[in-house]
Amino acid sequence: MKVSARNVFQGTVSQVREGAVNAEVTLALPGGSELVAVVTLDSIASLGLAPGKPAVALVKAPWVMVMTDSSGLRLSARNCLAGQVESVGDGVVNAEIVIALPGGNRVVAMVTREAVQELQLAPGVAATAVFKASHVILGVPA
Amino acid sequence: MKVSARNVFQGTVSQVREGAVNAEVTLALPGGSELVAVVTLDSIASLGLAPGKPAVALVKAPWVMVMTDSSGLRLSARNCLAGQVESVGDGVVNAEIVIALPGGNRVVAMVTREAVQELQLAPGVAATAVFKASHVILGVPA
Amino acid sequence: MKVSARNVFQGTVSQVREGAVNAEVTLALPGGSELVAVVTLDSIASLGLAPGKPAVALVKAPWVMVMTDSSGLRLSARNCLAGQVESVGDGVVNAEIVIALPGGNRVVAMVTREAVQELQLAPGVAATAVFKASHVILGVPA
């Protein structure tokens with residue numbers, strides 16, 4: 001499997017909460033982090049997603065928001081992964097931010113250069129990667 | 001709170017319509033515009049979202065589509081904010097478009113340069129910013 | 001209608017499966033491909049979406065992931081369109097990939113330059129465009 005998504009998280013399904021149409025899947029990552037994904041019940045069945053099964057979570061960099069100084073706000077997004085900026089790759093209007101998580105995982109976010117300046121994103125700065133559960137694509141070994 | 005999302009709309013919750021798993025939250029913005037967000041019922045409870053409460057809606061620029069000459073089409077997207085292009089910031093493949101809304105708000109969209117040319121986006125041009133309710137992240141003061 | 005989305009698929013509604021809040025709409029494209037979109041029941045009613053009706057599916061390029069060598073993975077994303085890379089337009093951090101589908105349609109994806117190198121994306125390479133049903137916006141003639 002080769003995929004353009006900058007974020008490919010390998011983990012193990014720890015919980016599946018089924019709704020009427022969708023289900024919320026929790027993925028435990030090595031190092032103790034957790035991710036939440038919302039997929040359809042059809043996908044739960046066709047991919048055989050169940051606690052204990054290995055799975056990957058795919059998240060494109062433009063779907064990830066970066067937050068610093070998060071003290072003042074609580075968010076509806078289910079995935080808020082706190083870490084530290086590792087690198088900032090600058091383009092003309094966009095910049096690629098890599099955030100290292102405590103457990104050893106990395107999250108890549110695509111933000112505007114304006115945001116890099118406003119948030120003073122630079123290696124070593126504490127930052128949180130934020131993305132919605134509905135933006136995560138799950139995959140399982142074929 | 002500092003966040004990389006180019007669109008941070010401050011407003012007041014005007015309506016919450018609860019479904020089985022998700023809820024649709026309407027946010028009234030100063031100047032008369034309205035935004036609709038879809039979040040989980042869990043978030044409604046944990047953030048205490050209810051009519052009259054202040055909240056912010058966060059929308060990343062790559063999630064916003066720009067439409068001109070909208071006469072011929074009706075869309076499934078809940079958020080269609082009509083205004084006027086204020087600025088066009090050009091990159092190599094992407095461009096950042098700022099649309100000023102009548103009520104004084106601004107919406108920032110990231111589109112390709114090709115789209116800028118096809119739609120002849122330039123300051124003063126009438127344009128509509130379009131984004132899905134499921135792409136909005138809500139926040140409340142901590 | 002003029003819209004910044006790089007992907008505007010003209011098709012015919014072939015199926016509508018209604019849930020409690022959302023509905024899943026299948027769109028048949030000329031050439032035999034199919035797209036799936038998830039929209040609210042409100043949109044089904046207000047746009048009059050029903051089998052046999054013409055509709056367009058709008059998908060922004062940053063919402064499309066590109067996969068090569070897909071043999072090893074099954075995904076939760078409902079839309080996986082297999083084709084062949086037609087062109088690669090390079091920016092500083094991002095690149096625009098055009099994938100030609102067998103039926104004559106094209107899909108445009110925005111990925112990072114890093115991904116272009118890792119996946120060795122170049123004209124003629126077999127590639128699959130992947131996007132979630134919840135990222136599709138539907139439109140109908142006004």
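Two strands count as paired when DSSP finds at least two bridges between them. Keep that in mind as you look at this predicted model, because strands of a sheet pair through backbone hydrogen bonds, either parallel or antiparallel. One such bridge links L27(B) to its partner L35(B) in β4(B).

- Strand β2 (residues 7–18) of chain B pairs with strand β3 (residues 22–28) of chain B in the antiparallel sense, over 6 bridges.
- In this pair, R17(B) has E24(B) of β3(B) as its bridge partner.
- A hairpin of 3 residues leads from β2(B) to β3(B).
- β3(B) also pairs with strand β4 (residues 34–40) of chain B, again antiparallel, with 7 bridges.
- Here 5 residues lie between the strands of the hairpin, and G31(B) in the turn has a positive phi of about 100 degrees.

- Follow the strands in the order β7(B)-β12(C)-β5(C)-β2(C)-β3(C)-β4(C), and you have traced an open sheet of 6 strands with antiparallel pairing.
- β7 (73–75) of chain B and β4 (34–40) of chain C are at the edges; each has a single partner strand, so one side of each is left without a neighbour in the sheet.
- From one strand to the next, the twist averages 40 degrees.
- Within chain C, strand β5 (residues 54–59) and strand β12 (residues 137–141) run antiparallel and are joined by 3 bridges.
- In that pair, L58(C) sits opposite I137(C) of β12(C).

**Where chains A and B meet**

- The contact draws 28 residues from chain B and 29 residues from chain A.
- On chain B's side, the elements giving two or more residues are β1 (2–3), α1 (41–47), β9 (94–100) and β12 (137–141).
- Which element gives the most to this side of chain B? It is β12(B), with 5 residues.
- Look for L73(A), which stands opposite P141(B) in β12(B).

**How the copies are related**

Key: Residues are numbered from 1 along each chain as its sequence is written. Chains are lettered from A and ligands numbered from 1 in the order in which they are written. This is a predicted model: local features need pLDDT of at least 70, side-chain atom pairs count only at pLDDT 80 or more; totals for chains, interfaces and linings use all residues. Two residues are in contact if their C-beta atoms, placed from the backbone, lie within 7 Å. Helices (H or I, at least four residues) and strands (E, at least two) are DSSP runs, numbered from the N terminus. Axes are lines fitted to C-alpha atoms, for helices over the stretch in contact, and angles run from 0 to 180 degrees between N-to-C directions.
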